[in-house]
Amino acid sequence: MEKKNLPIGFMDSGLGGLSVLKEALRIMPYDDFIYYGDSRNAPYGVKDQETIRRLTFQVVEMLLERGIKGLAIACNTATSAAVAKLRLAYPQLPIVGIEPAVKPAVEHNHGGRILVMATPMTIRQEKFHKLLERYRNGKEVVPVPCEGLMEFVEHGELDGDTLEAYFREHLTPYLTEDTETIVLGCTHYPFLRRYLRKFLGERKIDLIDGSLGTAAELRRRLLEQGLLWEEPRERSVVIENSLDDPEMIRRSWKLLQLPID
């Protein structure tokens, strides 16, 4: 099969990467996609780096056996642990990872505080600290560890009293009068944007994430190699999950069709 005809592969530790796939579907309207969520092993964000790397490689190798022309690691934790080694292992494959959108947050900052919500593992990673060092530019950038928050999305719980209690306990202590931006530093979190906006109430705080930037970078790399479909054609989108549970697939399609903003 001609390489251009192959689908674009997406992997995540669960359902969060669907927020990136949503943007990819929008800006690459004629390409086929296969998305694999490893919910059986979720969350990645509480595991050690070697385990995360092994799990990520297992999913990627499965996708490669199926045949893909490009790859998005749509998980901040997996990106931190594995993307550099994946690029060494598969130098011919266009591979993009995702990282918390610290750079755009700083670029658009007017002097206020920037909070970065992320999994504890992402925050512990050396890659995350280098990201802050590279882009902080003298701004106040504060990591907010959000252990357990991604599970709300995995379970389809996108609003309600339990989520409000979570934000009150884990986010409120970091909120100050001069908080200007919250970076949604895990691909699951954009699905909680609507409720987070409601929780923040009258506060004028920008909520940003890296979904579009990641999808755009993947599009650029595929275009560069002549692998992108630019002429209209029917496409297929396949969603699979390591949990043998039809409910996870149903929930995935529901999230994919959900308006995030």
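**View 1. Lining of the largest pocket by residue class.** The lining of the largest pocket has 13 nonpolar, eight polar and eight charged residues (Ala, Val, Leu, Ile, Met, Phe, Trp, Tyr, Cys and Pro count as nonpolar, Asp, Glu, Lys and Arg as charged, and the others, Gly among them, as polar). The volume of this largest pocket is about 580 Å³, taken as the space filled by probe spheres set on grid points joined across faces, edges and corners. A pocket is an open set of points on a 1 Å grid over the protein atoms alone where a 1.4 Å probe fits, with protein on both sides within 12 Å along at least five of seven lines; lining residues have an atom within 4 Å of a point. Glu99, Pro100, Gly210, Gly213 and Thr214 lie nearest the centre of the largest pocket. The model is predicted, local features need pLDDT of at least 70, and side-chain atom pairs count only at pLDDT 80 or more, while totals for chains, interfaces and linings use all residues. Residues are numbered from 1 along each chain as its sequence is written, and side-chain values use heavy atoms, with hydrogens and water left out.

**View 2. The second largest pocket.** This second largest pocket holds about 180 Å³ of space. Its lining has 13 residues, with Gln49, Arg53, Ser80, Ala81 and Lys127 nearest the centre.

**View 3. Lys4 and Trp229.** Lys4 lies over the face of Trp229, 4.3 Å from the ring centre (criterion: NZ of Lys or CZ of Arg within 6 Å of the ring centre and within 35 degrees of the ring normal).
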